[in-house]
Amino acid sequence: MAAEDPHTPENEIDSLTPLPLDHRRGLWGVSVLAGLSFVSSTVLLVYLTVKLVRWHLKQWRLERQQSIDAQAPSSIDLTLGLAERHFFPPCRRNNSRGRENAESTPRKKAYPNQFLVLVYNLLLADIHQASAFLLNAVWLGRDGIIVHTPACWAQGWLVSTGDLSSSCFITAIAVHTYLAVVRNYTPPQRAVYATVIGLWVFNYLVAGLGVIITRNGADGGGLYVRAAAWCWINIHYETHRLALHYLWIFVSLFLTSALYISVFLSLRAKSHTESRLTRSQPKPLPSNQQQKAFLLYPLIYIICTLPLALGRIATMAGAHVPISYFCTAGALIASNGWLDVLLWGVTRHRLIFTEGGIDSEESGIGSFGVPELGMGGWRGSGIIRTPVGRRFGNLVWVHAAAGKGEEGRGRGKRRGRNKSDSQETLTGMMGGGDGGREERGGIKMDTVTSVTVVDVGERGKGL
């Protein structure tokens, strides 16, 4: 069999043993890169799984503690000087169950970051794809590609499901990025979960249709047989190759490229507009290099996926494609996994590797390595929380670090401040008396509080 041309349609579906030198060299490279993708994707997937499990356990304990705290009497005065009748709607006043109903009102449920959900599933797809090409190590060990074996069928199935699922979730991430960056829209969490489930169902349904329609290739010598350098869909089912696989791959390539180019152009337009404004925006836009980084996503996807797709299309058209081309294209598409880990780990490291990235609501520019509080600004955090059942009034905590030996940084001399019942001033770390106080860094906050009470049905009364 080795003496015949193994690339003709008559012989391509048959077993190939022993492996020709070009096959052996090419499959070694494909197997090594597939193994790298499999290991890197699995490691990151396990890491995210541990983080998600810990986060869910933490949320469960937090909700349980909040439920206990809501039932226990509070020793802290949270009234802000308001009567209890102002805390609840009019229909609940003088109702003994009003407080219980208010305290039993569920808080806004925390969800994992939508981008992390999509990346998590992309890693699963990359593991599918890497496993398919890692099976080439079986052919190297057997010194031949043996059809009608479980390994051959499994490789053909994993190639079909892995390529398609990886393309689907790359496109889903592109759509989500476009909505977050260009449209400033965050889809509902249920929509993201439904999309993930729908993509997996679509992926396995499309692959399963090939098995059902062809009766597992009963009329053509098998559905998954040798296709050049590894096992895939039988060349006699060219229509199924196109309709059930490469049609969707090309759609994904087009959509992903178009969406990321739109993101890039939108950011360029916004940066040019911002440069003409006299006052800067609340959140700075990415630099030119960061904007160009958005083009890396479709570029890497196209480089890794398109060569093999074009090679298969050329084969379907009757052209002779050398085995070295298929092995090179296979090595590229087998690199999808480790390149995704590298690319997403670098550009979205804040969401993937930081502790607060799990339930972060930021999926747009803020998650793309852009400082959230401005370039060169101070670093701190603010928390605003409404007490359980309260209609008016918030509690605000501001955390910041004081410098050592630093003088206050202001616009000159410190202006005088008047204190009254309605206005308070919080300065940084002070030292000395009133006559010669020296600012030693920290924060400054002027707080003006105005409370107005309006009773429904009673006009003219106020505070």
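Predicted model: local features only at pLDDT ≥ 70, side-chain atom pairs only at ≥ 80, totals over all residues.
## Overall composition

The protein chain has 463 residues, of which 41% are buried. Its secondary structure comes to 13 helices and eight strands. Among contacts in the chain with a separation of 6 or more, 73% are between residues 24 or more positions apart.

## Nonpolar core

The largest nonpolar core contains 85 residues. Within this core, Phe 133, Ile 173, Leu 308 and Trp 344 have the most contacts. Helix H6, which covers residues 150–181, supplies the largest share of the core, with 13 residues.

Setting aside residues up to four places away in sequence, Leu 308 touches Phe 133, Trp 230, Tyr 246, Phe 326, Ala 329 and Ile 333. One of these neighbours, Phe 133, is also listed among the core residues with the most contacts.

## Packing of H10 and H11

Two packed helices are described by the angle between their axes and the distance between the axes. For helix H10 (residues 296–316) and helix H11 (residues 323–334), the angle is about 145° and the axes are 7 Å apart. The crossing of H10 and H11 is left-handed.

On the H10 side, the contact is made by Ile 303, Cys 304, Thr 305, Pro 307, Leu 308, Leu 310, Gly 311, Arg 312 and Thr 315. On the H11 side, Tyr 325, Phe 326, Ala 329, Leu 332 and Ile 333 take part. Sorted by class, the contact of H10 with H11 has ten nonpolar, three polar and one charged residues. Leu 308 belongs to this contact and is also one of the core residues with the most contacts.

## Disulfide and other cysteines

A search of the whole structure finds one disulfide. A disulfide is a covalent bond between the sulfur atoms of two cysteines. Here the bond joins Cys 152 to Cys 231, with an S to S distance of 2.0 Å. The disulfide is left-handed because the torsion about the S-S bond of Cys 152 and Cys 231 is about -105°. Cys 152 lies in helix H6 and Cys 231 in strand E2 (residues 230–233), so the pair ties together parts that are 79 residues apart in sequence. Both Cys 152 and Cys 231 are buried.

Cys 304 is one of the H10 residues in the contact with H11.

His 128 lies in helix H4, which spans residues 114–134. With a relative accessible area of 19%, His 128 is buried, because the cut-off for that class is under 20%. Leaving aside neighbours within four places in sequence, His 128 is in contact with Leu 158, Thr 161, Gly 162, Trp 200 and Tyr 204.

Trp 248 is placed in helix H8 (residues 238–275). Its relative accessible area is 34%, so Trp 248 is partly exposed. Trp 248 touches Leu 164, Phe 202 and Ala 243, not counting residues up to four places away in sequence. Trp 248 and Ser 167 are 81 residues apart in sequence, while their C-alpha atoms are 8.3 Å apart in space.

Key. Residues numbered from 1 in each chain as written. Heavy atoms only, no water. Core = buried A, V, L, I, M, F, W, Y, C linked by side-chain atoms within 4.5 Å. Buried < 20%, exposed > 50% of the residue type's maximum accessible area, 1.4 Å probe, protein only. Helix = DSSP H or I, 4+ residues; strand = E, 2+ residues; numbered from the N terminus. Contact = heavy atoms within 4.5 Å. Axes fitted to C-alpha atoms, helices over the stretch in contact; angles between N-to-C directions. Left-handed = near helix turned anticlockwise from the far one by under 90°. Nonpolar A, V, L, I, M, F, W, Y, C, P; charged D, E, K, R; others polar. Disulfide = S-S within 2.5 Å.
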